[in-house]
Amino acid sequence: MSAVTTQETATEAAHETAPPPAPPGRQARLRRFGYRPAPRAGLRERLVPPYPRPSRRPAALFGFSPRAAERLAVWSAWGGPLLVALVAGLLRFWQLGSPHAVIFDETYYAKDAWSLWQFGYEGTWEDGANERILSGAGDVGLSSDPSYVVHPPVGKWIIGLGEVMWGLNPFGWRFMTAVLGTLSVLMLCRIGRRLFRSTALGCLAGGLLAVDGLHFVMSRTALLDLVLMFWVLAAFGCLLVDRDTARARLAAALPPDPDREGGASPDAYLAERVKLGVRPWRIAAGVCLGLAFATKWNGLVVLAAFGVLAVLWDMGSRRAAGAGRPFTAMLRRDALPAFLSTVPVALLTYVASWTGWFATDRGYHRDWARTEGAGQGATWLPDAVRSLWHYETQVYDFHVGLTDGHTYESNPWSWLVLGRPVSYFYESPDKGEAGCTAADGCAREVLALGTPLLWWAGCAAVLYVLYRWLLRRDWRAGAILCGIAAGYLPWFQYQERTIFYFYAVVFVPFLCLAVTMMLGALAGPPGVTERRRLVGVVASGVLVLLVVWNFIYFWPVYTGETIPLDAWRQRMWLDTWI
């Protein structure tokens with residue numbers, strides 16, 4: 001050890017034994033509100049923050065021994081999320097087949113899903129097919145003539161799986177979206193736990209998703225957007241696990257810190273040159289992003305956003321490990337492997353999703369390269385690939401040119417404040433019909449509306465995580481904002497296009513994470529006074545209870561229950577909801 005290093009060590013030891021200086025006036029004032037400066041963690045802890053040991057006090061209040069409290073804490077890491085997911089599943093599967101109708105765009109996706117499992121491609125349905133299906137007639141009016149569809153097949157394959165198991169009926173075509181909606185709640189609990197290093201906050205994030213009205217309605221409807229949301233969230237979770245795994249490998253490669261047991265010393269040479277090896281979780285993220293893209297094309301934007309996020313995480317890891325030029329190190333060691341494990345994997349997954357179309361010669365435009373397109377374009381490509389490319393260009397032209405007016409279209413500026421939700425189903429039964437007992441008549445509606453108090457709190461939460469990212473350099477806030485931005489901002493480019501509020505379901509999980517982060521800050525960081533903690537927990541708890549009450553209040557218009565017309569009007573808080 002050099003003389004300079006010895007002198008620095010002695011100086012640090014002197015600082016450690018010297019009495020702490022009196023806090024300045026600003027810090028003294030902040031301490032009265034519960035502020036405590038966070039202790040400086042070691043390098044290994046900064047690279048991979050450990051999960052804090054749970055407090056034994058709550059368990060002691062219920063008479064648990066310290067050993068039992070430890071076991072309970074270990075069990076809660078999975079038991080808590082599974083319990084939240086169980087509640088979410090019970091809510092979503094309750095009377096899933098009601099209303100017994102083909103609601104909104106189920107008229108496209110439920111029937112196309114059935115056709116895919118019959119032919120491998122989307123066939124043509126005769127007029128009156130919906131009525132035949134709902135009546136249970138054997139002949140539902142499906143022919144093998146190919147039909148023109150404008151979305152990739154993965155979401156329809158998944159919806160059709162429920163139909164294969166339960167039949168071509170409302171319960172069958174909604175079954176898989178309910179399954180994915182329930183699993184997404186479980187995933188968000190675990191993602192929140194890993195992101196915040198807190199089982200309680202993870203379960204809170206999943207619980208908020210479980211009682212969000214938009215996610216709830218989309219989980220009970222055979223549309224593609226819930227499927228897209230599921231794969232986007234799964235990809236985010238895979239990248240989060242990959243981040244921890246890669247940082248743990250980097251920490252293990254660093255030399256030990258002689259002054260800190262189990263610690264590590266920063267090393268610029270190793271931090272810039274160490275290879276992190278095969279990263280299976282990043283490949284899994286590529287598969288999930290490919291499945292998202294193969295459900296709806298806006299998954300491609302998420303692929304690009306998450307790809308940037310992943311390499312920025314790599315750059316931050318190498319900087320924390322001591323790299324003097326972290327950006328250059330990331331470009332040399334991480335950028336190309338990151339690209340190869342996500343983008344080509346996602347594109348191959350997308351192409352593979354068209355296997356049913358490739359395996360037949362009856363799909364729409366399947367033989368275009370041999371007929372109308374003979375000799376056109378990149379003739380060196382296989383005819384099937386050229387035909388698919390031509391089909392996709394036509395679909396793109398359709399999407400960007402879709403400007404037909406619709407009663408429930410909305411501008412993305414209004415989404416966060418719930419300016420214009422979408423009514424999927426509405427009936428006005430008179431007294432004596434459909435269980436109506438009100439003299440003035442009743443209403444039945446399935447309204448795709450986010451839980452208002454949750455979304456309006458989410459507006460404040462987005463501002464909070466923006467502050468945490470810009471001014472406190474909190475990577476967790478940046479990750480949440482990336483998920484929101486990838487699902488939300490691209491729609492501002494197509495404001496002339498016919499778009500709907502329910503597209504926002506893709507970023508609802510990240511909105512719940514933002515609200516959770518805000519509530520965690522409101523409850524207070526570790527080490528605050530008991531009074532500060534009590535006030536914060538009560539305030540957070542009150543907000544959560546209000547969100548749950550709000551979900552229960554709107555339950556009838558989420559599930560299509562028959563309620564008096566006056567009760568329905570009371571729930572139309574804004575004129576634009578009608």
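**Exercise 1. Contacts of Y464**

Leaving aside neighbours within four places in sequence, which residues is Y464 in contact with?

Solution. The model is a predicted one. Start by placing the residue: Y464 lies in helix α19. Next, skip its neighbours within four places in sequence; the contacts left are M517, M518 and A521. F551 is 87 residues from Y464 along the chain, and their C-alpha atoms are separated by 24 Å.

**Exercise 2. Helix α20**

Check the span of helix α20 against its number of residues, then decide how enclosed the helix is.

Solution. 
- Step 1: Helix α20 covers residues 475–488, which is 14 residues.
- Step 2: Look at burial. Eleven of the 14 residues are buried, so the helix is largely enclosed by the rest of the structure. Among them are A477, L481, I484 and Y488.
- Step 3: Find the partners. The buried residues of α20 pack against α9, α12, α15, α19 and α21.

**Exercise 3. A buried charge**

Is D112 buried or exposed, and which side chain of opposite charge is nearest?

Solution. 
- Step 1: D112 sits in helix α6, residues 106–119.
- Step 2: D112 is buried, and the nearest side chain of opposite charge is K156, 4.6 Å away.
- Step 3: Apply the cut-off. A salt bridge needs a nitrogen and an oxygen within 4 Å. D112 has no salt bridge.
- Step 4: List the touching residues. Beyond four places in sequence, D112 touches E122, W125, V149 and K156.
- Step 5: Follow K156. K156 forms a salt bridge with E122, with the closest N and O atoms 2.9 Å apart. K156 is in helix α8 and E122 is in the loop between α6 and β1, so the pair ties together parts 34 residues apart in sequence.
- Step 6: K156 has 1% relative accessibility, so K156 counts as buried. E122 has 7%, so E122 is buried too.

**Exercise 4. A salt-bridge network**

Find which residues are linked with D314 in a network of salt bridges.

Solution. 
- Step 1: Take one pair. D314 and R282 meet in a salt bridge, 3.1 Å from N to O.
- Step 2: D314 is in helix α15 and R282 in helix α14, so the pair ties together parts 32 residues apart in sequence.
- Step 3: Check burial. D314 and R282 are both buried.
- Step 4: D242, R279, R282 and D314 are linked by salt bridges.
- Step 5: Step back. The whole structure has 20 salt bridges.

**Exercise 5. Aromatic pairs**

Solution. 
- Step 1: Get the total, which is 52 aromatic pairs.
- Step 2: W357 has 4% relative accessibility, so W357 counts as buried. F358 has 23%, so F358 counts as partly exposed.
- Step 3: Y424 is in strand β3 and F502 in the loop between α20 and α21, 78 residues apart. Both Y424 and F502 are buried.

Key
Residues numbered from 1 in each chain as written. Predicted model: local features only at pLDDT ≥ 70, side-chain atom pairs only at ≥ 80, totals over all residues. Heavy atoms only, no water. Helix = DSSP H or I, 4+ residues; strand = E, 2+ residues; numbered from the N terminus. Expected span 1.5 Å × (residues − 1). Buried < 20%, exposed > 50% of the residue type's maximum accessible area, 1.4 Å probe, protein only. Contact = heavy atoms within 4.5 Å. Lys, Arg positive; Asp, Glu negative; His and termini not counted. Phe/Tyr/Trp six-rings, centres within 6.5 Å; stacked < 30°, edge-to-face > 60°.
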